[in-house]
Amino acid sequence: MNNQSISRSTSDFILLGLSSNPWMQKPLFAIFIVMYLVTVVGNVLIILAIHSDSRMHTPMYFFLSNLSFMDICFTTVIVPKMLVNLLSETKTISYVGCLVQMYFFMALGNTDSYLLASMAIDRLVAICNPLHYDVVMRPQRCLLMLLGSCTISHLHALFRVLLMSRLSFCASHVIKHFFCDTQPVLKLSCSDTSSSQIVVMTETLAVIVTPFLCILFSYLRIIVTVLRIPSAAGKWKAFSTCGSHLTVVALFYGSIIYVYFRPLSMYSVVKDRIATVMYTVVTPMMNPFIYSLRNKDMKGGLRKLMDRVHA
């Protein structure tokens, strides 16, 4: 490593944040602290409502409560540090801190995607094979699906962080982002990153596309089954159980595909920041609203929870 390369153990990175305009720091802080609090409170209410109502002790709500918990953890990995930096002059993060943030960001984000796939499988079984639903989606199998989701995601994150830890970083150590994400950190490396990019793209395709294809296959099967239902009311009832899940999938995967499935040469700082805010902050904040506004069980669970609080 040459004299300009920074020491891996002692260097700090500078997170540029969403905007370098000093007048924007406090307004952005106010916006994102409100969004973070709404995310935490909303998802905690979902978890409490599910656990307090025995009618919602089903596989679908088991996965939803875990998705809500992961969303709280996911945003907590990113937003509090971003809020501190918005009010700070230095905006630094240590090399180790950057790798730790990157690890948990990827582990929790990928767990989210596998949980969304598990929820799609749940809808597939409920609509296409309802008579065997209780056997196929028994609690032990749901727990195995959850553990599998976490294990695959954490192994993926560990592999990616180990790969990033082998890179050298030169004089410029300003990350043009609001957290330590793969693409902006790769941009800073003075090592040859072509092989790293190929490995990252290939491995990302395997890990992220697998749950996405699972969701796609599940809904193709659901559509074929629903179209065979003779009555329009029956078709609407079947599709209505999938609406919330499809909305979350579209928000989550739409922004992820835009950010990660392009070569590093096409990386755009401003556009990628906006897209990243969508799946790191907006989607976790919107999930409680999406799953509760048109869901009678969730509305009933929330009312029961409020009644218990006021009793």
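This is a short tour of a predicted model, from its overall fold down to Arg123.

## Ground rules

Because the model is predicted, local features need pLDDT of at least 70 and side-chain atom pairs count only at pLDDT 80 or more, while totals for chains, interfaces and linings use all residues. Residues are numbered from 1 along each chain as its sequence is written, and side-chain values use heavy atoms, with hydrogens and water left out.

## Overall fold

The protein chain has 11 helices and 3 strands (DSSP runs numbered from the N terminus: H or I of at least four residues for helices, E of at least two for strands). Going along the sequence, the pattern is β-α-α-β-α-α-α-β-α-α-α-α-α-α. The radius of gyration, taken over C-alpha atoms, is 21 Å, close to the 19 Å from the globule rule (2.2 Å times the number of residues to the power 0.38), so the chain is as compact as a globular protein of 311 residues. The C-alpha trace spans about 70 × 45 × 35 Å along its principal axes.

Of the 311 residues, 49% are buried, meaning under 20% relative accessible area with a 1.4 Å probe, protein chains only. Among contacts (heavy atoms within 4.5 Å) with a separation of 6 or more, 79% come from residues 24 or more positions apart.

## A look at Arg123

Arg123 sits in helix H3, residues 95-128. This arginine is buried, with a relative accessible area of 10%. Setting aside neighbours within four places in sequence, Arg123 touches Met60, Tyr133, Tyr219, Ile222, Thr241 and Cys242.

Note on methods. Buried means under 20% relative accessible area, exposed over 50%, partly exposed in between (1.4 Å probe, protein chains only).
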